[in-house]
Amino acid sequence: MRHSSFPEGVTRETLLRWFREGRARSREIFEIPDPSTYYTRPIRLRNPIVFYEGHLPAFTINTLVKLALKKPGIDDHYEVLFARGIDPDSPDAVREPGDVWPSRSAVQSYGAAADAIVERILAEEVIEDDAVPQLRGAEAAIAILEHEQMHQETLLYMLHNMPYERKRSRAPLGGPEAGSPRERVRDGDPSFARIPAGRATLGAARDQIGFGWDNEFPLHRVDVDAFEIGRYNVTNAEFLEFVEAGGYRRPELWGNAWEWIASEGIRHPHFWLERDGEWFWRGMFDLIPLPPDWPVYVTCAEAEAYARWKGMRIPTEAEYHRAAFGTPSGEERLYPWGSEVPDASRGNFGFMQWDPLPVGSFPAGASAWGVHDLVGNGWEWTATPFGGFPGFEPMASYANYSADFFDGQHYVLKGASPATARELVRRSFRNWFRPNYPYLYATFRLAR
């Protein structure tokens, strides 16, 4: 068993600890919303909270127990009801749940039973077997662990969207390193880094990283022309200039997104709120005056409109890779900062904060070109439609994980956010969302 976050190798003890930590974190997250909100949808485009508390254990049973090990599940009805989330293009496409959801006690009892089965399997049964596609490299066992971490981020940005009076405040989930903002170190160097023409490696080879999701493979290299890229993400203060200049009222800046902007009456980023002429940031647990030097969180459509307004654009996935992992010598790094495993000095990820920090707060995480915050503080939109790399093959343990979204309606994001687990921080990892999805912890930088 191999995973990029564990250079010394992955043992059963590693998997058990990872599983228990993940389940414990999920339980903490489910305690944030008031119990009265359990059957509500904090985001109209997503299922109610109850779905996610059932989905996480159901996925472990469907994937590891039933699919990979060919063993019976616990409750066939639950394992269908909680099988998969939704990705509608508008709230009108979401079905109202009616009376389909069980009681919370029943969902939690199901989860406890699933946890006991998974713990026994991880401790005792065959979870790595090259003769079984889902068990090659312990794929199914590791998939259920990363899947839970990805949904923890989904849950947090959903809960971020809830009214404050319906949430219970608590400390960040990242452990003893949480809650310690770094001093901002944005220096006096030029705002843009010049990246010479060169090659960028996208994807990964399985013998390099071990586990990965299907859209991360195979490894391939592309030539990238010379370009310039922002050394820092666009900040709230910079984006405010666009808002105050009437950027949301200029159709020529929005392209195909103008219909969405006009029909929804959007006039500013989702994470902002205006009161009596003053701008505020909708934090996880507090409404605060808009922090000018935090990265702005926006949709891809908003990022592209701002870039057009500035006479620039957002980078492609290949340009992100070149800026993040390339070096003047021509070699490529595992991470923007080098080969060291991600830690709290490199960026704002791993649940250390509920919200962003000022851009440039982690100089130890800068790339060889002096580009900051390429990992952490917010996912980074790219101009690249999400699709499979040449030679793409669906993964055995989750065949529809990626392929259903190769539709030209989703765009690649790279990096990580404050709510991204450290185990998901790797060069080949790719995120993707629709360009008008406003709830994600996502920012951008300019390119030209």
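This is a predicted model: local features need pLDDT of at least 70, side-chain atom pairs count only at pLDDT 80 or more; totals for chains, interfaces and linings use all residues.
**A walk through the structure**

Residues are numbered from 1 along each chain as its sequence is written, and side-chain values use heavy atoms, leaving out hydrogens and water.

Helices (H or I, at least four residues) and strands (E, at least two) are DSSP runs, numbered from the N terminus. Two strands pair if DSSP finds at least two bridges between them. Strand 5 and strand 6 (residues 278-282) pair in the antiparallel sense over four bridges. They belong to an open, antiparallel sheet of three strands in the order 5-6-7. Strand 5 (272-275) and strand 7 are the edge strands, each pairing on one side only.

Now follow the chain to Thr299, which sits in the loop between strand 7 (287-289) and helix 9 (300-309). Is Thr299 buried or exposed? Buried means under 20% relative accessible area, exposed over 50%, and partly exposed in between (1.4 Å probe, protein chains only). Thr299 counts as buried because its relative accessibility is 0%. Contact means heavy atoms within 4.5 Å. Leaving aside neighbours within four places in sequence, Thr299 is in contact with Trp260, Trp381, Pro435, Asn436, Tyr437 and Pro438.

Helix 10 (residues 317-325) is another buried part: nine of its nine residues are buried, so the helix is largely enclosed by the rest of the structure. Among these buried residues are Tyr320, His321 and Phe325. The buried residues of helix 10 pack against several strands, including strand 1 (192-195), strand 8 (378-385) and strand 9 (411-416).

Finally, look at the charged side chains. A salt bridge is a side-chain nitrogen of Lys or Arg within 4 Å of a carboxyl oxygen of Asp or Glu, and the structure holds 22 of them. One of them joins Glu79 and Lys66 (2.9 Å, N to O). Glu79 lies in helix 3 (residues 76-81) and Lys66 in helix 2 (residues 49-68), so this pair ties together parts that are 13 residues apart in sequence. Glu79 is buried at 3% relative accessibility, whereas Lys66 is partly exposed at 26%. Salt bridges can also form a network, as they do in linking Glu31, Glu53, Arg104 and Arg168.
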